[in-house]
Amino acid sequence: MKYLKTLSLTIFIILNSSCTEAKTKKETNKTTQTESKTTKHSDFIQQKITDNLYILKNPNYNTNVGVYIGEKEILLVDPMTGNNNQEQLLNAIKQLSEKPVTYVINTHHHMDHSGANTFFKDLGATIISQENTKYTNATYDVTFKDTYTLNLGNETIELYHTVAHTFDDVLVHFKSNNVVFMGDTYMTNSFPHFYYGGGSKGHLSIIDKALALGDATTAIVPAHGNLNITKNELTTYRESSVKWMSRIKQLHSEGKNSDAIADDAQIQQLSMVFNDGKDVSKQNIQRTIDKTIAVDFVDTIELNANALKNYEGIYQYENGQVDEIILQNGTLILRSEGNYMYEIVPILETKFHIKGQFPNKYLTFDATNTQFVFFNGKERLTAKRK
Ligand SMILES: [Zn+2]
């Protein structure tokens with residue numbers, strides 16, 4: 001019975017892990033171990049985009065792993081997670097080319113994109129990520145802030161950072177091959193997912209950036225779902241995203257909760273559009289709406305920059321973990337190296353909502369700003385200013 005419980009929990013974790021938040025190292029190891037059991041007999045599907053660019057996909061995570069075969073080397077975009085998957089992925093790559101894997105680029109840190117970083121690093125690859133990866137548990141070597149260019153013989157690969165799905169999203173543009181990888185900022189089989197980073201504004205901003213790259217024939221690769229998407233299809237996805245966000249905004253402003261919003265006919269129709277024409281459970285729609293409200297439509301109060309600045313500092317929990325609060329572009333960021341990065345917004349003079357988190361999480365400061373209590377949805381953890 002205990003085994004059955006573990007197994008069903010494992011399946012649940014796998015089904016729900018395509019866009020998970022940064023997990024603690026302990027949780028990550030647990031996921032990896034359990035996943036390896038279920039992927040033993042699975043295999044990778046190979047799909048060609050251009051003569052030099054392929055996608056390898058494994059049924060468990062369905063992440064579109066990009067394989068670029070250069071003159072001397074191989075570059076991967078988003079190697080997925082899992083011990084057995086890693087060996088299988090390497091075998092699948094070797095069927096395409098025996099050249100060494102020299103570079104790995106992550107579109108963001110989530111484990112179904114970065115999980116095999118260490119495996120390929122140990123084989124000699126350099127991992128390239130956006131610098132906010134420092135605040136996650138993903139492995140990285142080279143980081144950049146806004147843009148990064150990699151010249152590999154005939155191909156130039158340009159990376160662009162925008163906060164959208166997470167704080168470390170990267171668009172990957174293969175200029176000669178005329179292909180753009182969008183990571184989880186575009187999935188053809190799932191709702192728009194912009195809760196852990198830039199909200200709906202960031203979501204549209206990164207789509208606009210992708211639409212501006214290359215030319216009318218540029219192929220767009222979503223991280224999950226169909227391949228070789230045209231810019232017209234991405235434009236349609238953008239329009240659907242706008243309808244989705246404005247409908248939620250309208251119904252929310254009319255005082256409807258997520259339960260009532262999920263019953264709306266237009267919301268249900270858009271849910272099918274986002275999920276490859278498949279019916280989606282009301283629970284799933286409602287959870288997505290709750291997260292959208294938690295990142296975009298929380299009632300905040302106005303605090304000026306000086307007032308916000310008072311909260312900046314280094315705070316330490318009893319277990320030794322350190323959080324940093326900084327003011328960045330007019331908003332407060334709570335971040336912890338190796339753990340997490342959140343935007344926090346004031347809902348009271350001393351209480352801050354953590355954006356995109358549902359069930360809601362809060363930071364509550366004492367009157368003198370010398371300590372806060374972080375309610376993480378389960379427990380209250382006190383951190384004192386250092
Ligand atoms: Zn993700």
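In what sense do β15 and strand β16 (residues 340-346) pair, and over how many bridges? The two strands pair in the antiparallel sense, over five bridges. Strands pair here if DSSP finds at least two bridges between them. The model is a predicted one: local features need pLDDT of at least 70, side-chain atom pairs count only at pLDDT 80 or more, and totals for chains, interfaces and linings use all residues. Residues are numbered from 1 along each chain as its sequence is written.

The secondary structure of the chain comes to eleven helices and 20 strands. Helices (H or I, at least four residues) and strands (E, at least two) are DSSP runs, numbered from the N terminus. The chain has 386 residues, of which 40% count as buried. A residue is buried if 20 or more other C-beta atoms lie within 10 Å of its own, exposed if 12 or fewer, and partly exposed in between; the C-beta atoms are placed from the backbone. Among contacts with a separation of 6 or more, 57% join residues 24 or more positions apart. A contact requires C-beta atoms, placed from the backbone, within 7 Å.

β15 and β16 belong to a barrel. Eight strands close into this barrel in the order β13-β14-β15-β16-β17-β18-β19-β20, and the pairing is antiparallel. The twist averages 30 degrees from one strand to the next. Axes for such angles are lines fitted to C-alpha atoms, for helices over the stretch in contact; angles run from 0 to 180 degrees between N-to-C directions.

Strand β14 (residues 322-328) and strand β15 (residues 331-336) run antiparallel and are joined by five bridges. I326 has I333 of β15 as its bridge partner. L327 is partnered by L332, also in β15. In a regular strand the side chains alternate between the two faces of the sheet. Two residues lie between β14 and β15, and N329 in this hairpin takes a positive phi near 50 degrees. The hairpin of β15 and β16 has three residues between its strands. There, G338 in the turn has a positive phi of about 80 degrees. L334 stands opposite Y342 in β16.

A second sheet is open. Its seven strands have the order β1-β2-β3-β4-β5-β6-β7, with mixed pairing. β1 (45-48) and β7 (142-144) are the edge strands, each pairing on one side only. Neighbouring strands of this sheet are turned by 20 degrees against each other on average, direction ignored. Strand β2 (residues 53-57) pairs with strand β3 (residues 65-69) in the antiparallel sense, over four bridges. I55 has G66 in β3 as its bridge partner.

The largest nonpolar core has 87 residues. Such a core is a set of buried Ala, Val, Leu, Ile, Met, Phe, Trp, Tyr and Cys residues joined through C-beta atoms within 7 Å. The residues with the most contacts inside the core are L76, I105, L171, V172, V180 and M182. Helix α7 (residues 231-253) gives the most to this core, with six residues. M182 touches L171, A210, I220, V221, P222 and A223, not counting residues up to four places away in sequence.

Helix α7 has 23 residues and reaches 33 Å from its first C-alpha to its last, close to the 33 Å expected at 1.5 Å a residue. The expected span is 1.5 Å times one less than the number of residues. L234, Y237, S241, W244, M245, I248 and L251 are buried in α7. Their cover includes α6 (199-212), β12 (219-221), α8 (258-262), α9 (265-274) and α10 (282-296). G255 follows α7 and has a positive phi, near 90 degrees.

Helix α10 has 15 residues and reaches 21 Å from its first C-alpha to its last, close to the 21 Å expected at 1.5 Å a residue. Its buried residues are I285, T288, I289, T292, I293, A294 and V295. The buried residues of α10 pack against α6, α7, α8 and α9. I293 counts as buried because 20 other C-beta atoms lie within 10 Å. I293 touches H252 and S258, not counting residues up to four places away in sequence. I293 and S258 are 35 residues apart in sequence and 8.5 Å apart in space, C-alpha to C-alpha.

Note on methods. Two residues are in contact if their C-beta atoms, placed from the backbone, lie within 7 Å.
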